[in-house]
Amino acid sequence: LMHGLRSHALAGTELAKGSFGTIRWRLLRVAARVTCTACKLCVHLPYSFVCKGIFAKAVALLVPAPVWR
């Protein structure tokens, strides 16, 4: 899972060659507020989160675009 995250979602970022501990520390150990409704899951990141852009890029690459009917 971590190999796939690093090679696919983090390609072209400063964490592309980071160790698994660094990736886990910077991206996965974040105090965030998560809300969910029937249609969507929303992650509210803190304003002081330094890697917000990298997190958004990784999520955009890993989560497919929603299909509305």
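Me: Why is R26 described as partly exposed?

Reply: Partly exposed is the class between buried, which is under 20% relative accessible area, and exposed, which is over 50% (1.4 Å probe, protein chains only). R26 has a relative accessibility of 36%, and therefore counts as partly exposed. The structure is a predicted model, in which local features need pLDDT of at least 70 and side-chain atom pairs count only at pLDDT 80 or more, while totals for chains, interfaces and linings use all residues. Residues are numbered from 1 along each chain as its sequence is written, and side-chain values use heavy atoms, with hydrogens and water left out.

Me: Where does R26 lie, and which residues does R26 contact beyond its neighbours within four places in sequence?

Reply: R26 belongs to helix 2; helices are DSSP runs of H or I with at least four residues, strands are runs of E with at least two, and both are numbered from the N terminus. Once neighbours within four places in sequence are set aside, R26 is in contact with E14, L15, F49 and C51, where contact means heavy atoms within 4.5 Å.

Me: What makes R26 and E14 a salt bridge?

Reply: The term requires a side-chain nitrogen of Lys or Arg within 4 Å of a carboxyl oxygen of Asp or Glu. In R26 and E14 the closest N and O atoms are 3.3 Å apart, so the pair is a salt bridge. This pair links distant parts of the chain, with R26 in helix 2 and E14 in the loop between helix 1 and helix 2, twelve residues apart. A search of the whole structure finds one salt bridge. Side chains of opposite charge can pair when their charged atoms come close.

Me: Is E14 called buried or exposed, and on what value does this rest?

Reply: E14 has a relative accessibility of 58%, and therefore counts as exposed.

Me: Why is T13 called buried, and what does the side chain of T13 reach?

Reply: The relative accessible area of T13 is 18%, so T13 is buried. T13 is placed in the loop between helix 1 (2-9) and helix 2 (20-28). The side chain of T13 reaches the backbone oxygen of L10 at 2.6 Å. Not counting residues up to four places away in sequence, T13 touches I54 and K57.

Me: How do you know that F49 and F55 are edge-to-face?

Reply: A search of the whole structure finds one aromatic pair. F49 and F55 form this pair, at 6.1 Å centre to centre and with 80° between the planes. Rings of Phe, Tyr and Trp (its six-membered ring) pair if their centres lie within 6.5 Å; planes under 30 degrees apart count as stacked, over 60 as edge-to-face and the rest as tilted. The pair F49 and F55 is therefore edge-to-face. F49 has a relative accessible area of 12%, and so is buried.

Me: What makes V59 partly exposed, and of which surface patch is V59 a part?

Reply: V59 has a relative accessible area of 36%, and is therefore partly exposed. V59 lies in helix 3 (residues 52-62). Together with L61, L62 and V63, V59 makes a nonpolar surface patch of about 330 Å².

Me: How many helices and strands does the protein have, and in what order do the elements run?

Reply: The protein has three helices and two strands. From the N terminus on, the elements run α-α-β-β-α. Of the 69 residues, 19% count as buried.

How values were computed. Patch = residues over 30% accessible without salt bridge, like charges linked within 9 Å, V, L, I, M, F, W, Y side chains within 5 Å. Areas by Shrake-Rupley, 256 points an atom, 1.4 Å probe, with all protein chains shown as cover. Polar contact = N/O pair within 3.5 Å; in protein donor to acceptor, adjacent residues only side chain to side chain.
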